[in-house]
Amino acid sequence: MRASRLVSILLLLQTRGRMTAQELAETLEVSVRTVYRDMESLSASGIPLYGEAGRAGGYQLLKGYRTRLTGLTADEARALFLTGLPTAAADLGLGPVAAEARLKVSAALPPEMREHAEQSRRRVYIDIPGWYQDSDDAPQLAALADAVWNQQTVRIRYERWAAPHEVLRTVCPYGVVLKAGRWYLVAGSDHGIRTYRVSRILELQALDETFEHPEGFDLAGHWHEYLATFDARRFREKVVLRLSPAALRDIGQLLEPAAARAAERSAGPLDADGWTRVTVPIESAERALPALLSMGTEAEVVGPPELRDRLRRTLAAMAARYGDGATPE
């Protein structure tokens, strides 16, 4: 375990440059005291590293020093070719570069480790989009990626849901995120950090201005926080339903995941008919109506009264549309 940690410290310093003992401890999930002991061991083994005290100090490898590590385990070699997604690299305009990089890494591995790495490529394929949706067509993605790499401010013409539907924005592109086959831009602006769907960027112009990322900004951490509050921001209303046993059993297929989880958590005792009353968060009556209709006779809207009345009127209009004058059985 300690040997693995020493290697990790060496790689961190090699890839990131100067790091403080506190930063190393947080990254490796150990105490600062443990980092101090590890640094003494590395120095005693002949690794050319030095430490500087003070606010801007930290540990650093001697300039020009590079380590050659050949101690990959079989599992690490298998994971090697799963660390990147070829389709994502291609979307960003890096397909040939990524392929060349994988080839170089593979050539540098010992023969037995190379075979383990090749196994992952032959036996595991990651298909990002969901079953019933295609990936977004995002023609501005490659140009946007260039702006991200070069830290260039961009001006975008963006199509959004709210009116006015087309808006002009000047933003600092901090990074892009691939979520379920769709690319999103995380960018800074005068209004704070905002998220944009890349497929809705109609035009993009890279400006001569450059920008610096906010101190301490972490793209992955920001995205996880964004997702954690996403449902709370969009679910502004609630609907009370009575569900049949079949509907309650299949709720995960009838509603989106967040709504289904809320329904399961709120499920009350069975009534005299064996049905269950649940509370489900919704964005609006308009967006909830198709899902409620798809549940058919296995669900009943109890409230709010306005939504129940709207559903009744919708069903009456459908009956009139398809009715032939016959009395329904």
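**Entry 1: the sheet.** I began with the strands and found an open sheet of 5 strands in the order β6-β5-β4-β3-β7, with antiparallel pairing. I note here that the model is predicted. I then looked up the edges: β6 and β7 (201-210) are the edge strands, as each pairs on one side only. Direction ignored, neighbouring strands of this sheet are turned by 45° against each other on average.

Entry 2: I turned to β4 and β5, which pair in the antiparallel sense over 7 bridges. I looked up lysine 179 and recorded arginine 182, in β5, as its bridge partner.

**Entry 3: helices on the sheet.** I asked which strands helix α8 touches. Helix α8 (residues 141-150) packs on the sheet and touches β3 (152-159), β4, β5 and β7. The direction of α8 makes about 80° with that of β4. I also followed α9, which lies across β4, β5 and β6 and runs at about 105° to β4.

**Entry 4: the largest pocket.** I looked up the volume of the largest pocket and noted about 1,900 Å³. This pocket is lined by 37 residues, and the closest to its centre are Tyr184, Arg197, Tyr226, Phe230 and Arg234. The elements that give two or more residues to the lining are β4 (166-179), β5 (182-189), β6 (192-197), α9 (219-234) and α12 (257-266). I asked which element gives the largest share of the lining. That element is α9, with 8 residues.

Notes
Residues are numbered from 1 along each chain as its sequence is written. This is a predicted model: local features need pLDDT of at least 70, side-chain atom pairs count only at pLDDT 80 or more; totals for chains, interfaces and linings use all residues. Side-chain values use heavy atoms; hydrogens and water are left out. On a 1 Å grid over the protein atoms alone, a cavity is a set of points where a 1.4 Å probe fits but cannot get out, and a pocket is an open set with protein on both sides within 12 Å along at least five of seven lines; lining residues have an atom within 4 Å of a point. Grid points are joined across faces, edges and corners, and a volume is the space filled by probe spheres set on the points. Helices (H or I, at least four residues) and strands (E, at least two) are DSSP runs, numbered from the N terminus. Two strands pair if DSSP finds at least two bridges between them. Axes are lines fitted to C-alpha atoms, for helices over the stretch in contact, and angles run from 0 to 180 degrees between N-to-C directions. Contact means heavy atoms within 4.5 Å.
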